[in-house]
Structures are given as structure tokens and as C-alpha cells.
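Here is a short briefing to read beside the model on your screen. Have a look at the fold, and then we can walk through it topic by topic.

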Amino acid sequence: MALVAFLIGQRVARGASGAAVQDAVPSGAVRAPDISSMSPEERANRLFDLVMRFGEQGKTDSLKFFAPMAIEAYAMLGPPDVHARYDVGMIGIVIGDLPLARAQADTILAGDKTHLLGLVLAMKAAGLRGDMAARAGYQRRLAAAAPTERTKKLKEYADHQADIDAALKATGESKP
């Protein structure tokens, strides 16, 4: 299954036709939308949304199939920015890849110790590994940083406002 996902990703990267990609999907698998005509950013975003939806629905077979494709789509964008790191880290959270999620959170926070997405991701990763003390520490840092950070009006904050709001609700803070 991983080999098929890799091959599909390679064909998409080379601009294979949507029909060829769809034909390469094994029978019984969920078919991806035709992403061959999309920009690399659009592909990564579409695959991210697909992985998040499958995670919410508990479709583990689909997650195993599409998560590597989504991660590869982000790798093809070049050096990742904070937004891409958060998205890749969230894929790690959904598929239970703790090292991936932690690495992305740590890298975000190394660049900006109060970045809301870094704190949200670190909080989720701590919860995934069962470290409730670390999770509570990240929650406190998130609640303290949120009022100032939100004034920055960063695109990634707007794109992931629901994640930030949900994490703040977990801290007992309300949205300004």
C-alpha cells in the first residue's frame, strides 16, 4: 500500500494525468481528487484537508494511504514555513507519529517561543505521549501568549483559528 501511495505521489509530481493516477489506486481504496492540475500548495492543502477529515471519521486505512502522500506534498514545497510545519505536525498527531509531531512543534517554538501554532502542536504532542504535566505547561504558555500573538494577524492563525480556539478552551481561556 505504501509503495502504491509513493508511486501515485511520484506520478502526481511529474504531472501525470488525473486518469492515470485514478487508475493506479487499488480497488476498494478511497479515490483522491484529481490533484494533477493543482499548484504544489493547493495539492498539499487538499491532501491535508483529506487526512484531517479521515482522522475525524476514524478511517485508518485511508489515513495510512493518504498521510504519506500529504507529507510528501509538503516536502515538495521546499523549505517549510511555520504554517507547513504545523500542518505536517498535525498529520503526525492524526496518524500517531509522535516523533514527527514533536519535531515540528519543537522547530516552530525554537524560532518563536510564543507562536500559537507551535504551542498548540506541542500541547497535542504532549497529550499524545501521555505527559500531562508538559501538556499543562504548554496550555499555560498558550493562554499567556494568545492576547499578544493574536494581534499579529498572521495568516496561519486565521487558517487555524478553530484549532487555536479549541486549545484555548481547554485552558479555560475564552476567545477575545
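What pattern does the chain follow when read along the sequence? The pattern is α-α-α-α-α-α-α-α-α-α, and the chain has 10 helices and 0 strands. Helices (H or I, at least four residues) and strands (E, at least two) are DSSP runs, numbered from the N terminus. Please keep in mind that this is a predicted model, in which local features need pLDDT of at least 70 and side-chain atom pairs count only at pLDDT 80 or more, while totals for chains, interfaces and linings use all residues. Residues are numbered from 1 along each chain as its sequence is written, and side-chain values use heavy atoms, with hydrogens and water left out.

**The chain as a whole**

- Of the 176 residues in the chain, 42% are buried; buried means under 20% relative accessible area, exposed over 50%, and partly exposed in between (1.4 Å probe, protein chains only).
- The chain exposes about 9100 Å², and carbon and sulfur atoms supply 54% of that area. Accessible areas come from the Shrake-Rupley method with a 1.4 Å probe; for residues, only the protein chains shown count as cover.
- Taking contacts (heavy atoms within 4.5 Å) between residues at least 6 apart in sequence, 53% join residues at least 24 apart.

**Helix H7**

- Helix H7 covers residues 116-128, and at 1.5 Å a residue its 13 residues should span 18 Å, which agrees with the 18 Å between its end C-alpha atoms. The expected span is 1.5 Å times one less than the number of residues.
- H7 is mostly covered, with 10 of its 13 residues buried.
- The buried residues of H7 include Leu 116, Leu 119, Val 120 and Met 123.

**The nonpolar core**

- The largest nonpolar core holds 44 residues; such a core is a set of buried Ala, Val, Leu, Ile, Met, Phe, Trp, Tyr and Cys residues joined through side-chain atoms within 4.5 Å.
- Val 51, Phe 66, Ile 91, Tyr 138 and Leu 142 have the most contacts inside this core.
- Two or more residues each come from helix H3 (40-57), helix H4 (60-75), helix H5 (82-95), H6, H7, H8 and helix H10 (161-171).
- H7 gives the largest share of this core, 9 residues.
- Leaving aside residues up to four places away in sequence, Leu 142 touches Leu 116, Leu 119, Val 120, Met 123, Ala 167 and Leu 168.

**Aromatic rings**

- There are 2 aromatic pairs, where rings of Phe, Tyr and Trp (its six-membered ring) pair if their centres lie within 6.5 Å; planes under 30 degrees apart count as stacked, over 60 as edge-to-face and the rest as tilted.
- Phe 65 and Phe 66 have ring centres 4.7 Å apart and planes at 85°, so this pair is edge-to-face.

**Salt bridges**

- The structure holds 5 salt bridges, each a side-chain nitrogen of Lys or Arg within 4 Å of a carboxyl oxygen of Asp or Glu.
- Asp 112 and Lys 152 meet through their side chains in a salt bridge (4.0 Å, N to O). This pair links distant parts of the chain, 40 residues apart: Asp 112 is in the loop between helix H6 (98-111) and H7, and Lys 152 is in the loop between helix H8 (132-150) and helix H9 (155-159).
- Asp 112 is partly exposed at 25% relative accessible area, and Lys 152 is partly exposed at 40%.
- Arg 129 and Asp 131 form another salt bridge, their closest N and O atoms being 3.8 Å apart. Arg 129 is partly exposed at 29%, and Asp 131 also counts as partly exposed at 29%.
- Lys 155 and Asp 159 form a salt bridge (2.6 Å, N to O); they are 4 residues apart in helix H9, so about one helical turn separates them.
- Lys 155 counts as exposed at 58%, while Asp 159 is partly exposed at 41%.
- Salt bridges with shared partners join Asp 112, Glu 149 and Lys 152 into one network.

**A backbone detail in a loop**

- Lys 153 has a positive phi of about 50° although it is not a glycine.
- Lys 153 lies in the loop between H8 and H9, and this residue is exposed, with a relative accessible area of 69%.
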